Amino acid sequence: MEAGGEHFWYLFDIFNFWALIVLVIVVVWLFYNSLRFRSKDGSDNNIDNFTPGVFPKENDDLRMELTWTIVPFILIVYLTYIAWGPIDEMWTADPDAHEINITGNQWYWDFDCDPLRDTEDAPESSVAMENRSSTMFYNDNGILICEITTIEVEGQIKPLLRVKADESYGFILRSNDVTHAPFFLDWGLKEDTSQNVETRLYYTPSMDEIGSSLLMCTEYCGMDHGYMTAVVEVYE
Ligand SMILES: [Cu+2]
């Protein structure tokens, strides 16, 4: 199964549906038992005659224990199963993918369209995005594959990553400080970036995804976490 896009929203709806079902069962069960097993006025409060430190085995109900163990287990196995394909797809390396570096910093994203350009002697420095001019990367046929520039969003300058529809991209994720997590909102992809660990995700934006969408940080990383956004644009 493919990752991201419509598959993400399909999973999103199914997970929300089951979350709602579980919520209703738990809340109804909670109120039913709270009301049903209330002690009456004037009755002994220790209605079950509990003794501290002694497990009241006589109140045990094997059927109930099996039910609340097996039913959630089946649900979790089912949800894991349907989410497995898209996650596996997102993590399956495509050797032909065009690589883009995404580096998290407190509190901005640093993109690099041409990670192979850097030599081993010149490790990536965290250049503040305000100082970066637009960079473009063309493939051997002279087609623009990736562009990094800036865009003004509600009065703030944000990085803008432009990628081409139907091209395969491999995003190499790193962090210069704490853990961040870029969330490609419209693609439904997210992955942690951690210091000293390189993580990757692979995606081919489709023609249906042409246009701009938000990239935001979804791992709390300090004061300006909420402003750690960027714009991702897919062009034809
Ligand atoms: Cu963050």
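**View 1. The exposed residue E154 in this predicted model.** E154 is exposed, since 6 other C-beta atoms lie within 10 Å, and a residue counts as exposed when that number is 12 or fewer. The residue sits in the loop between β4 (144-153) and β5 (156-164). Although E154 is not a glycine, its phi is positive, at about 45 degrees. Most residues other than glycine have a negative phi.

**View 2. N196 in the loop between β8 (189-190) and β9 (199-203).** N196, a residue other than glycine, has a positive phi near 70 degrees. N196 is exposed, with 6 other C-beta atoms within 10 Å.

**View 3. The cis peptide bond between Q106 and W107.** The bond that joins Q106 and W107 is cis, with omega about 0 degrees, and W107 is found in the loop that lies between β1 (98-105) and β2 (108-112). Most peptide bonds are trans.

**View 4. The largest nonpolar core and the surroundings of F111.** The largest nonpolar core has 27 residues, and those that touch the most other members are I100, I102, W109, F111, L161 and L189. At least two residues of this core come from each of β1, β2, β4, β5, β6 (169-175), β9, β10 (211-217) and β11 (229-235). When neighbours within four places in sequence are left aside, F111 is in contact with I100, N101, I102, I148, P159 and L161.

Conventions. Residues numbered from 1 in each chain as written. Predicted model: local features only at pLDDT ≥ 70, side-chain atom pairs only at ≥ 80, totals over all residues. Helix = DSSP H or I, 4+ residues; strand = E, 2+ residues; numbered from the N terminus. Buried ≥ 20, exposed ≤ 12 C-beta atoms within 10 Å, placed from the backbone. Core = buried A, V, L, I, M, F, W, Y, C linked by C-beta atoms within 7 Å. Contact = placed C-beta atoms within 7 Å.
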